[in-house]
Every structure is written in C-alpha cells, then in structure tokens.
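Subject: Handover of a structure

Hello,

Please look through it first and then read the notes.

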Amino acid sequence: GAGLVPALRYSQDSIVVALGQLQHVVPFVSGRLRRPLTFAVAPPLPLGLTLGKRSGVISGIASEVTPAEGVTHRVVVEGEQGTAYADVRVLVLARDAYFSTCEEESIHASATTFSHSVSEEE
C-alpha cells in the first residue's frame with residue numbers, strides 16, 4: 001500500500017526566520033524507511049543553521065540573510081529500504097524586515113519613533 005512508500009516532510013514547508021533567531025524544525029519520516037537514517041541537504045543551509053545528519057532536525061541561529069524570495073533546499077533521507085526527499089524553503093530576514101513582515105508594529109515603531117511620529121493620524 002501507499003503507506004510503505006518512504007516519505008519525508010517537515011513541520012513547516014517554509015521556514016521564515018529573523019537573523020539571530022533560534023530555529024528548530026522537525027522532520028516526519030513515514031513509510032518503510034528503516035534506521036539508521038542519514039539526512040543530507042543541498043544546497044547548504046544558510047550560515048548558522050544545521051541539518052542533523054541522524055535526526056534530520058533543522059536547527060540553529062541564522063547568521064546570514066537569504067535572497068528576498070528565500071532559497072529552496074532539498075533534504076534527502078536515506079534508510080535501509082530506500083530514500084525520500086522534501087523541499088523546504090528557507091527565508092532569513094534582517095530583523096527590521098522580519099518584524100515588519102510579522103506586523104509587530106509596536107516593536108518596529110519603537111525602533112523608528114522619529115519617522116513614525118510625523119505621520120500620526122489627527
């Protein structure tokens with residue numbers, strides 16, 4: 001049945017993270033893959049993020065900004081009974097860009113009080 005086909009997915013298809021923010025994304029492996037499992041990723045993850053060779057967990061603190069559209073990385077897991085892969089898009093933003101993306105305006109505004117105070121609503 002389909003349940004035997006090796007499959008790999010991550011808790012997030014897209015990882016959006018700010019510079020210096022801790023990240024921890026867990027893989028789900030299903031199907032007939034037998035341990036020991038080995039994980040590999042290409043192209044390499046942004047600086048500061050690592051892929052656990054045995055666990056497949058993507059973790060760390062990003063120290064490098066990616067292009068604006070992010071980078072798609074293919075994670076391949078290999079087991080005794082075959083291989084599976086998952087594509088994960090990683091987007092690392094500078095902190096101010098990240099906060100405006102997340103609409104955390106209060107934090108963002110406090111950092112740029114001067115430009116905001118001019119445009120206050122009457």
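The notes below go from the whole chain to the sheets and then to single residues.

Conventions

This is a predicted model, in which local features need pLDDT of at least 70 and side-chain atom pairs count only at pLDDT 80 or more, while totals for chains, interfaces and linings use all residues. Residues are numbered from 1 along each chain as its sequence is written, and side-chain values use heavy atoms, with hydrogens and water left out.

Overall

The protein has three helices and nine strands. Both kinds of element are DSSP runs numbered from the N terminus, with helices being H or I of at least four residues and strands being E of at least two. Read from the N terminus, the order is β-β-β-β-β-β-β-β-β-α-α-α.

Of the 122 residues, 30% are buried. Buried here means under 20% relative accessible area, exposed means over 50%, and partly exposed is in between (1.4 Å probe, protein chains only). The protein exposes about 7,600 Å², and carbon and sulfur atoms supply 55% of that area; accessible areas come from the Shrake-Rupley method with a 1.4 Å probe. A contact means heavy atoms within 4.5 Å. Among contacts between residues at least 6 apart in sequence, 60% join residues at least 24 apart.

The four-stranded sheet

Four strands make an open sheet in the order β2-β9-β8-β5, and its pairing is mixed. The edges are β2 (14–18) and β5 (38–42); each has a single partner strand, so one side of each is left without a neighbour in the sheet. On average, neighbouring strands of this sheet are turned by 30 degrees against each other, direction ignored. For such angles, axes are lines fitted to C-alpha atoms (for helices, over the stretch in contact), and the angles run from 0 to 180 degrees between N-to-C directions.

Two strands count as paired if DSSP finds at least two bridges between them. Strands of a sheet pair through backbone hydrogen bonds, either parallel or antiparallel. The pairs in this sheet are as follows:

- β2 and β9 (residues 82–93) pair in the parallel sense over five bridges, with V16 opposite L91 in β9.
- β8 and β9 run antiparallel and are joined by nine bridges; V75 stands opposite A86 in β9. A hairpin connects β8 to β9 through two residues.
- β5 and β8 (residues 71–79) are antiparallel, with five bridges, and F39 has V77 in β8 as its bridge partner.

The three-stranded sheet

Another open sheet has three strands in the order β3-β7-β6, with antiparallel pairing. Here β3 (22–25) and β6 (49–51) are at the edges, each with a single partner strand, so one side of each is left without a neighbour in the sheet. Neighbouring strands are turned by 15 degrees against each other on average, direction ignored. β6 and β7 are joined by three bridges, and the bridge partner of T50 in β7 is S59.

Single residues

I15 is in strand β2 and is buried, at 1% relative accessibility. Not counting residues up to four places away in sequence, I15 touches Q23, V25, I58, V88, R89, V90 and L91. The C-alpha atoms of I15 and G70 are separated by 9.0 Å, although the two residues are 55 apart along the chain.

T66 sits in the loop between β7 (58–61) and β8. Its relative accessibility is 11%, so T66 counts as buried. With the residues up to four places away again left out, T66 touches P46, V71, V90, L91 and V92. A polar atom of the T66 side chain lies 2.9 Å from the backbone nitrogen of V92.

Two cis peptide bonds are worth a look in the loops. One joins R35 and P36, with omega about 5 degrees; P36 is in the loop between β4 (27–30) and β5. Another joins A42 and P43, with omega about -10 degrees, and P43 is in the loop between β5 and β6.

Aromatic rings

Rings of Phe, Tyr and Trp (its six-membered ring) pair if their centres lie within 6.5 Å; planes under 30 degrees apart count as stacked, over 60 as edge-to-face and the rest as tilted. The count by this rule is one aromatic pair. Y98 and F99 form it, edge-to-face, at 5.8 Å centre to centre and 70 degrees between the planes. Y98 is buried at 12% relative accessible area, and F99 is buried at 17%.

Regards

Technical notes: A polar contact is a pair of N or O atoms within 3.5 Å; within protein, one must be able to donate a hydrogen and the other to accept it, and residues adjacent in sequence count only if both atoms are side-chain atoms.
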